[in-house]
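Good morning. I will talk about the open spaces in one protein, and then about one of its helices. Please look at the model first.

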Amino acid sequence: MNYIIRKIRENEYHLLEDFIYEAIFIPEGAEPPPKSIINQPDLQVYIKDFGTKKDDICFVAEVESKIVGAVWVRDMKDYGHIEDGVPSFAISLYKEYRNHGIGTGLMVAILDELRQRKYEKASLAVQKANYAVKMYKKVGFVIIGENDEEYIMLCNLRPTPYESNTEAYTKADDIIDFRNDNIAKLAELLSDSAENELEYIRKAYEFVRDKISHSADIGKDAITCSASEVLENGHGICFAKSHLLAALLRYKGIPAGFCYQKLILDDETAPFLVYHGLNGVYISEYKKWIRLDARGNKNGVNAQFTVDEEQLAFPVRSEKNEIDGVIIFADPDAKILEKLKNNKTRSELWHDLPTELAYNS
């Protein structure tokens with residue numbers, strides 16, 4: 001189904017009355033409430049005087065010039081309110097337009113807008129039985145609380161660790177095997193030429209970005225996975241390279257993890273969404289997490305080390321339903337590891353690239 005997502009116009013604000021009614025979750029077999037229910041104070045908070053506050057942001061979806069769905073946020077004390085300054089969500093579609101990806105497209109668009117406006121997080125409440133829970137997880141929301149009927153969900157809009165225990169981001173395992181002699185020697189070599197921790201992080205990042213080739217860029221068909229395999233072979237795809245960078249950083253006790261963006265593989269030859277891997281790294285000097293993408297630069301790709309404004313390998317295009325990933329996981333995703341291990345060659349893997357994360361299951 002072809003659709004357009006755009007910002008709402010002032011003369012369309014009245015449509016939110018319809019969409020707040022459509023947003024009411026009705027369990028299977030239950031009778032819909034009367035339309036007058038939207039006049040109740042706990043629903044009016046979503047729409048009354050919409051557009052008069054700076055936090056009032058809304059996107060709509062159009063199909064053949066008809067507005068069929070809307071997503072909006074405002075700083076309000078609704079069911080999903082967690083704290084002042086954190087906008088809460090509402091979203092709905094007319095029934096006949098559900099399950100066509102439009103809801104995801106709306107969510108991606110407004111989350112991108114919130115990031116551009118420098119919001120750090122957003123929240124929502126959703127009935128536990130609502131099929132939309134899975135979609136919310138897919139675009140980056142996590143459950144932070146619940147009652148008998150609802151989940152309270154939060155989406156961090158800045159790089160944020162999934163685990164509260166920092167030690168989870170410094171451990172070694174079979175994939176992030178930084179106790180390997182070759183990794184240890186490289187880490188010490190890079191460290192000897194670095195004046196401080198921040199410079200070591202930059203040197204480790206630039207080594208993996210520039211000295212370890214992306215397998216596809218050099219036509220290598222072997223699949224590497226563990227950090228030591230990547231270093232030994234001198235190449236890997238994005239996920240594998242992120243494993244090596246994490247190992248080099250963890251060797252020096254620097255917390256590092258994994259982020260995943262969902263991007264179109266190739267606009268012309270492979271116009272479908274797959275996951276792309278990069279790293280989240282804790283910068284102790286600035287007391288914050290940043291993202292680094294060691295995929296490897298080439299024509300049209302220019303990722304750089306920066307602590308302030310991110311410069312990653314690929315822009316996330318919300319208009320194409322691409323999804324950014326700011327949650328930093330301590331372990332590589334299980335489904336991604338499964339793909340790397342089960343496919344025998346990169347050519348085979350290219351027809352079986354990951355489209356789902358175990359973390360979202």
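Helix H3 (102–116) gives the most to the lining of the second largest pocket, with 5 residues. Before I go on: this is a predicted model, where local features need pLDDT of at least 70, side-chain atom pairs count only at pLDDT 80 or more, and totals for chains, interfaces and linings use all residues. Residues are numbered from 1 along each chain as its sequence is written, and side-chain values use heavy atoms, with hydrogens and water left out.

Some terms. Helices (H or I, at least four residues) and strands (E, at least two) are DSSP runs, numbered from the N terminus. On a 1 Å grid over the protein atoms alone, a pocket is an open set of points with protein on both sides within 12 Å along at least five of seven lines; a cavity is a set where a 1.4 Å probe fits but cannot get out; lining residues have an atom within 4 Å of a point.

Back to the second largest pocket. It holds about 730 Å³ of space. Of its 29 lining residues, Arg115, Arg158, Arg291, Glu310 and Asp324 lie nearest the centre. Strand E13 (288–292), like H3, supplies at least two lining residues. The lining divides into 14 nonpolar, 4 polar and 11 charged residues.

Now the largest pocket, with about 1,400 Å³ of space. It is lined by 46 residues, and the closest to its centre are Ala23, Ile91, Asn130, Ala132 and Tyr136. Among the elements that give two or more residues to this lining are H3, strand E4 (88–93) and helix H4 (132–138). Here the division is 25 nonpolar, 11 polar and 10 charged.

How many cavities of 30 Å³ or more does a search of the whole structure find? The search finds 1. Ser215, Ala222, Ile223, Thr224, His235, Gly236 and Ile237 line the largest cavity.

Last, helix H9 (residues 334–342). Its buried residues (under 20% relative accessible area, 1.4 Å probe, protein chains only) are Ile336, Leu337 and Leu340. Seen down the axis of H9, they fall within an arc of 100°, so they line one face of the helix. In general, an α-helix has 3.6 residues a turn, so residues three or four places apart point the same way. The cover over the buried residues of H9 includes helix H8 (238–251), strand E11 (256–266) and helix H10 (346–349). At the N-terminal end, Asp333 caps H9, with a side-chain oxygen 3.0 Å from the backbone nitrogen of Lys335.

Notes: Buried < 20%, exposed > 50% of the residue type's maximum accessible area, 1.4 Å probe, protein only. Arc of directions from axis to C-beta. Contact = heavy atoms within 4.5 Å. Polar contact = N/O pair within 3.5 Å; in protein donor to acceptor, adjacent residues only side chain to side chain. Points joined across faces, edges and corners; volume = space filled by probe spheres on them. Nonpolar A, V, L, I, M, F, W, Y, C, P; charged D, E, K, R; others polar.
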